[in-house]
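Thanks for coming, everyone. Please take a moment with the sequence and the model on the screen, and then I'll walk you through them.

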Amino acid sequence: MAPTDKTVGGIKGFFLKAGKSFQAGGEMARDWSWWLAQKGGRIGLVLASTSMVVLMPLIFEINREVQMIASERIQVSELRNQGHSDRQLQEMGFLEAALHSPSVASLKAK
């Protein structure tokens with residue numbers, strides 16, 4: 001009488017079990033990668049929107065400050081050409097950054 005057990009042994013059984021195992025592993029990897037992509041997309045959306053709300057106004061303000069200092073430097077150079085001293089320019093309310101170059105910039109000019 002033939003055995004009623006449908007398990008296959010040997011090389012054929014090994015390849016059948018390995019195929020099922022690889023298929024189950026592939027399905028699990030697909031499910032995990034989809035979950036990870038969803039979470040990554042949500043985190044990316046939160047980071048992008050937060051940076052737009054918080055960092056962009058900061059960048060615009062820094063840019064405006066740089067433009068204002070450049071404008072004051074032009075005014076300071078014109079007033080120096082007219083004979084005003086640094087003390088007079090400070091009393092007029094010009095920023096220290098507009099009156100004197102930072103020490104790093106003066107070292108680079110040498």
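Glutamate 61 and arginine 64 both lie in helix H1, three residues apart, which is about one turn of the helix. Helices here are DSSP runs of H or I with at least four residues, strands are runs of E with at least two, and both are numbered from the N terminus. Glutamate 61 and arginine 64 form a salt bridge, with their closest N and O atoms 2.8 Å apart. By salt bridge I mean a side-chain nitrogen of Lys or Arg within 4 Å of a carboxyl oxygen of Asp or Glu. Side chains of opposite charge can pair when their charged atoms come close.

How open are these two residues? Glutamate 61 counts as partly exposed because its relative accessibility is 38%. Arginine 64 counts as exposed, because it reaches 52%. The cut-offs are these: buried is under 20% relative accessible area, exposed is over 50%, and partly exposed is in between, with a 1.4 Å probe and protein chains only.

A word on what you are looking at. This is a predicted model, where local features need pLDDT of at least 70, side-chain atom pairs count only at pLDDT 80 or more, and totals for chains, interfaces and linings use all residues. Residues are numbered from 1 along each chain as its sequence is written, and side-chain values use heavy atoms, with hydrogens and water left out.

So what is pLDDT? It is the predictor's confidence in each residue, from 0 to 100. The protein chain averages 86, and 86% of the residues score at least 70. Among its elements, helix H1, residues 10-81, has the highest mean, 93. Helix H4, residues 103-109, has the lowest, 58. Where pLDDT is low, the predicted coordinates should not be read in detail.

Now the whole chain. How many helices and strands does it have? Four helices and zero strands. Along the sequence, the pattern reads α-α-α-α. Of the 110 residues in the chain, 9% are buried. The accessible surface comes to about 9,700 Å², and 65% of it belongs to carbon and sulfur atoms. Those areas come from the Shrake-Rupley method with a 1.4 Å probe; for residues, only the protein chains shown count as cover.

Contacts next. Contact means heavy atoms within 4.5 Å. Take contacts between residues at least 6 apart in sequence: 33% of them join residues at least 24 apart.

Back to salt bridges. The count comes to four. One of them joins arginine 80 and aspartate 86, with the closest N and O atoms 2.7 Å apart. Arginine 80 is partly exposed, at 34% relative accessibility. Aspartate 86 is partly exposed too, at 28%.

Another sits in helix H2, residues 86-92, where glutamate 91 and arginine 87 lie four residues apart, about one turn. Their side chains meet in a salt bridge at 3.6 Å, N to O. Glutamate 91 is exposed, with a relative accessible area of 58%. Arginine 87 is exposed as well, at 60%. From arginine 87 to leucine 99 is 12 residues in sequence, and 9.9 Å in space, C-alpha to C-alpha.

Leucine 99 brings us to the core. Which residues make up the largest nonpolar core? Six: Val76, Leu79, Leu89, Phe94, Ala98 and Leu99. H1 and helix H3, residues 96-99, each supply at least two residues of this core. A nonpolar core is a set of buried Ala, Val, Leu, Ile, Met, Phe, Trp, Tyr and Cys residues joined through side-chain atoms within 4.5 Å.

Look at phenylalanine 94. Its place is in the loop between H2 and H3. Is phenylalanine 94 buried or exposed? It is buried, because its relative accessible area is 16%. Leaving aside neighbours within four places in sequence, phenylalanine 94 is in contact with Glu72, Gln75, Val76, Leu79, Leu89 and Leu99. Phenylalanine 94 and valine 76 are 18 residues apart along the chain, and their C-alpha atoms are separated by 7.8 Å.

Last stop, the surface. A nonpolar patch of about 980 Å² is made by Met52, Val53, Val54, Leu55, Met56, Leu58, Ile59, Phe60, Ile62 and Val66. Patch residues have over 30% relative accessible area and no salt bridge; like charges are joined within 9 Å, and nonpolar side chains (Val, Leu, Ile, Met, Phe, Trp, Tyr) within 5 Å. Isoleucine 59 lies in helix H1. At 47% relative accessibility, isoleucine 59 counts as partly exposed.
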